[in-house]
Structure formats: C-alpha cells, structure tokens
Amino acid sequence: MHVLVTKDYAAMSRAAADWVVAAIKAKPESTIVFPTGKTPLGLYEELIARHRQGAFDASALRIFVLDEYVGIPQEDSRSLYGWLQRTLFAPLGIASNQITPLPGDAADPVAACHAYHATLVAAGGLDVAILGLGPNGHIGYNDPPADATATTRVLDLSESSLATCARDWGGRDRLLPQAMTIGMDLLLAARQKLLIVSGAGKRDILHQSLYGPISPAVPASYLQQAENVTVVADEAAMHKMGVA
C-alpha cells in the first residue's frame with residue numbers, strides 16, 4: 001500500500017487526478033468505477049479541466065456504476081448514476097454505450113445484481129477502482145459487516161449511511177433504505193485501487209481502515225491485504241496518525 005499525504009483538499013484532488021490520468025493513459029480501455037459523494041468533487045473538476053486541455057482520452061473507457069439506490073429509475077434526482085452522469089460522464093463526453101449502470105428500478109433487484117456481477121466478471125473484472133471512504137468504513141455501499149467475500153448485492157443501508165443520505169438528498173423523507181453495490185470481492189480484485197480521503201471527520205475511520213484490525217466491522221480494512229492500493233489523503237484526515 002502506498003500512502004500519499006497532501007497539504008489540503010485541493011492538493012489531494014490534484015494528486016488523485018494525476019493518478020487517474022496516468023492509469024487511463026496506461027490503458028485507455030480500462031474498466032473503471034468512480035465514487036459519488038463530496039470527496040471526489042475536486043478530483044472530478046480536475047479531470048474535466050485536464051480532459052478539456054487534451055491530457056487524456058475517455059472515449060474507450062468501460063465504466064461500471066459502483067452503487068445505486070433500490071427502487072428508483074436513472075432519471076430520478078436521487079439516482080447515483082444520474083449524479084455521475086451530470087457531474088462527470090457528460091462533461092467528459094462519455095457515451096451511454098460505455099456505461100453499465102446498476103438498474104435500481106429492476107423488477108427483481110437480487111437477480112439484477114447477480115446479472116451485473118456476471119457482466120463485470122465477463123468484462124475481465126475491474127482495471128481501476130476509485131473509492132471514497134464512508135464514515136462507517138464502507139467502500140462502495142458495502143456497509144458493515146462486510147468481509148472480503150461480500151459480493152454484488154442488495155443491502156439495507158446502515159444508520160450511518162442513511163444519515164449521510166438525508167444530508168445529501170434533502171431530508172429523511174427522501175431516503176431510500178436499500179442500495180445495490182458492487183461487492184467487496186470485485187473491488188478488492190481490481191488491478192489498481194485508489195482510495196481518496198479528506199477532512200478531520202474521517203481521521204478515526206481512516207486510521208482503523210489503514211492500521212486497525214482487519215474486520216468486517218470496517219470493510220475498508222481489507223484494503224490492507226489487497227495489492228496495488230494507493231491512498232491519497234489530506235493532512236486533516238491523516239494528522240491523528242502523526243503522518244502529517
């Protein structure tokens with residue numbers, strides 16, 4: 001595991017963009033997942049700016065959507081696919097045929113997850129997994145408990161994740177209690193993994209993830225056993241560890 005500490009959020013976003021651009025240039029047809037949330041926004045702004053400058057070509061990427069809420073179509077304002085489409089995919093000129101979404105409105109969500117897993121395996125698995133860190137240690141929506149064998153599935157969201165949803169989507173009355181997520185098995189098997197973390201609020205969970213016991217109670221802790229993991233975190237997130 002390689003850990004890079006940056007001075008602040010802007011520097012973290014630039015360093016993460018350096019990593020992502022290098023990965024795409026090394027393999028333009030990469031299968032890749034991108035996270036949603038507040039942490040990757042700076043990274044996405046950097047990627048959009050660099051794409052406009054001609055720093056990389058996104059036209060051959062094969063994108064699998066990392067997670068989605070159960071029971072909503074893509075056009076719903078709460079859709080994670082829709083958020084990524086507005087925030088990143090459209091600005092990068094990524095065509096719809098490059099994206100495999102998790103079908104949140106599937107009639108049989110469990111069967112849809114099985115099919116999605118099989119499609120990703122048939123595509124050769126993930127080349128690049130870009131991940132955020134949830135306040136409870138989740139990666140994707142692999143809320144605890146989730147060990148290294150947890151596969152693509154439907155799950156009930158934890159109270160921690162529901163609290164974040166309420167903040168992001170305008171109150172608890174707009175919450176969706178279940179989500180689909182790519183499993184720990186496929187994320188940990190990605191040929192390259194980037195974890196981006198920012199802010200003092202993530203200090204404790206980042207410390208547990210990188211240096212604590214490996215446990216289903218902190219799903220991100222399984223990254224300690226994985227190959228080719230890069231962590232980019234700002235000083236606010238790493239300060240408690242004496243690294244900053």
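**View 1. Ring pairs join Phe34, Tyr44, Trp83 and Phe89 into a cluster.** In this predicted model, local features need pLDDT of at least 70 and side-chain atom pairs count only at pLDDT 80 or more, while totals for chains, interfaces and linings use all residues. Residues are numbered from 1 along each chain as its sequence is written, and side-chain values use heavy atoms, with hydrogens and water left out. A search of the whole structure finds 5 aromatic pairs, where rings of Phe, Tyr and Trp (its six-membered ring) pair if their centres lie within 6.5 Å, and planes under 30 degrees apart count as stacked, over 60 as edge-to-face and the rest as tilted. Phenylalanine 34 and tyrosine 44 form an edge-to-face pair, at 6.0 Å centre to centre and with 80 degrees between the planes. This pair links distant parts of the chain, 10 residues apart, with phenylalanine 34 in the loop between strand E2 (31-33) and helix H2 (41-52) and tyrosine 44 in helix H2; helices (H or I, at least four residues) and strands (E, at least two) are DSSP runs, numbered from the N terminus. Both phenylalanine 34 and tyrosine 44 are buried, that is, under 20% relative accessible area with a 1.4 Å probe and protein chains only, where exposed means over 50% and partly exposed lies in between.

**View 2. Tyrosine 69 and tyrosine 141 are both buried.** The ring centres of tyrosine 69 and tyrosine 141 lie 5.8 Å apart and their planes stand at 55 degrees, so the pair is tilted. The pair links distant parts of the chain, 72 residues apart, with tyrosine 69 in strand E4 (residues 67-69) and tyrosine 141 in the loop between strand E6 (128-132) and strand E7 (153-156).

**View 3. An open sheet of 7 strands has parallel pairing, in the order E1-E10-E9-E6-E2-E3-E5.** The edge strands, each pairing on one side only, are strand E1 (2-6) and strand E5 (99-100); two strands pair if DSSP finds at least two bridges between them. E2 and strand E3 (residues 62-64) run parallel and are joined by 2 bridges, and isoleucine 32 has isoleucine 63 in E3 as its bridge partner.
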